[in-house]
Amino acid sequence: MAFEGLSEKLNAAFKRLRGKGRLTENDVREAMREVRLALLEADVSYKVVKEFVATVTERSVGTDVLDSLTPAQQVVKIVNEELTNLMGGGTAKLAFANNGPTIVMMVGLQGAGKTTTTAKLAGYMKKFHSKRPLLAACDVYRPAAIEQLKVVGGQLNLPVFEEGQGDPVKIAENALRYARDHGNDLVFLDTAGRLHVDEALMDELKRMKATVHPNEILLVVDAMTGQDAVNAASAFDEALGIDGVVLTKLDGDARGGAALSIKAATGKPIKFVGTGEKLDMIEPFHPDRMASRILGMGDMLSFIEKAQQTYDEKQAKKLEEKLKKNSFTLSDYFDQLQQIRNMGDLSQLAGMMPGNLGSKLQGAQIDEKAIAHTEAIILSMTPEERENPQILGASRKKRIAAGCGLDVVDVNRLLKQFEGMQQIIKQVTGGRKPGFGFGGLG
Ligand code: GDP
């Protein structure tokens with residue numbers, strides 16, 4: 001999970017404050033020294049840290065915070081608000097065109113995750129904004145880049161426009177024409193990447209910008225490169241002018257320096273973040289939620305949204321009905337497992353939950369292998385057996401085990417688990433309306 005190092009240090013500083021009851025100005029200054037160190041260690045730029053600590057200190061000691069009944073909480077609240085401001089305050093959205101296709105130019109250095117992010121973002125827009133995106137392969141220097149875009153586009157069922165190694169600006173223009181002719185309302189231009197910001201690259205990007213007039217120029221940077229990502233953002237913004245940043249690989253970023261510095265250093269907001277290699281692992285960037293997450297106050301909103309996105313409402317209703325009637329079967333169990341898989345990495349979800357709850361869940365990795373076994377066993381059963389596991393005698397169990405390449409003990413273990421689950425469901429739903437389950441989230 002991102003930012004764990006920073007979270008830990010900040011929380012240690014605040015814990016000391018909380019332990020004190022009444023606070024003096026000196027206590028606050030002491031805590032701010034720790035905050036300052038924590039931010040510097042997180043690779044936040046020096047200037048940003050200095051300003052941040054000055055603002056928080058001034059707000060904390062300058063008003064009646066210290067005289068309040070809960071001074072430590074007030075200081076945490078101020079840090080939370082200022083972290084939110086630091087990252088841009090509100091959530092920055094993509095600007096869609098009023099008429100004609102929206103054109104998004106994706107730019108960035110090689111390896112930042114540009115091609116992957118182009119596909120992820122297009123997939124996101126298709127799924128959550130009902131857009132009909134077209135991906136255009138304008139990185140003509142690396143033949144593998146075109147192929148890569150076709151592969152990731154294909155995985156998301158997105159059309160990819162390519163003309164091999166032509167002039168990238170011409171390809172972009174042709175892609176736009178294609179989009180207009182084929183009803184694509186959103187065009188992502190996957191442009192060339194280089195190892196470093198160089199003049200030739202910038203010239204090509206400027207020429208493309210002047211010709212196609214994109215609605216958005218999004219710079220993709222790798223969170224794990226810390227201040228290098230911030231420097232790349234400044235360089236691209238000065239040379240080309242960017243509208244926003246997509247910060248990738250946040251899942252591997254223990255420090256958080258780029259996320260915390262980019263807006264303050266460049267004035268340009270982070271609009272989306274990449275949180276994993278899978279193509280649905282992209283989220284809008286919410287500064288307030290990120291701040292709460294860093295401070296260990298959890299991000300229940302993101303958690304609930306994620307649950308809602310993956311949790312099928314109709315299924316949830318159906319499940320609730322079944323629970324009420326005590327008719328939860330192995331087929332339902334199978335469906336539940338599918339839903340859990342769709343939720344993705346449980347440890348990622350854990351980071352969104354407040355305090356203890358999060359750290360408890362953090363260790364509770366989903367055991368993918370166990371889920372796969374359970375699924376295989378259920379799939380080897382006949383529909384009748386799934387609805388009615390009581391009919392499973394020795395010979396049926398043997399057949400099922402052989403069918404999925406496992407042992408009879410595995411089948412028995414699953415049945416035992418399922419029985420236990422039914423017992424729990426009975427207890428929880430016994431007579432009462434089930435406030436339990438996933439109905440509340442879906
Ligand atoms: P490009 O050269 O900028 O086009 O970069 P690619 O799209 O080829 O990505 C480089 C590598 O970063 C690939 O292995 C991606 O799977 C990986 N990657 C991209 N975004 C993320 C992310 O958000 N999290 C993680 N863990 N990996 C990512």
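Predicted model: local features only at pLDDT ≥ 70, side-chain atom pairs only at ≥ 80, totals over all residues.
View 1. Helix α5 (residues 114-129) supplies the largest share of the shell around the ligand, four residues. The residues around the ligand number 19, and Gly113, Lys114, Thr115, Thr116 and Gly274 come nearest. Sorted by class, 13 residues of this shell are polar, four are charged and two are nonpolar.

View 2. Strand β7 (residues 270-274) pairs with β8 in the antiparallel sense, over three bridges. Here Gly274 stands opposite Ile282 in β8; Gly274 is also among the residues that come nearest to the ligand.

View 3. Glu173 is found in helix α7 (residues 168-182). With 15 other C-beta atoms within 10 Å, Glu173 is partly exposed, since a buried residue needs 20 or more and an exposed one has 12 or fewer. Leaving aside residues up to four places away in sequence, Glu173 touches Thr211 and Val212. Glu173 and Leu201 lie 28 residues apart in sequence, and their C-alpha atoms are 18 Å apart in space.

**View 4. Strand β6 and its side chains.** Strand β6 (residues 244-248) is mostly covered, with five of its five residues buried. Gly244, Val246 and Thr248 point one way from β6, while Val245 and Leu247 point the other way. In a regular strand, side chains alternate between the two faces of the sheet.

**View 5. The neighbours of β6 and the crossovers.** β5 and β6 pair in the parallel sense over five bridges, and Leu218 stands opposite Gly244 in β6. Together with helix α9 (residues 227-239), β5 and β6 make a right-handed β-α-β unit. β6 and β7 also run parallel and are joined by three bridges; Val245 has Ile270 in β7 as its bridge partner. From β6 the chain crosses through helix α10 (residues 257-266) to β7, in a right-handed β-α-β crossover.

How values were computed
Residues numbered from 1 in each chain as written. Near = placed C-beta within 6 Å. Helix = DSSP H or I, 4+ residues; strand = E, 2+ residues; numbered from the N terminus. Nonpolar A, V, L, I, M, F, W, Y, C, P; charged D, E, K, R; others polar. Contact = placed C-beta atoms within 7 Å. Pairing = 2+ DSSP bridges. Right-handed = clockwise from strand over helix to strand, strands pointing away.
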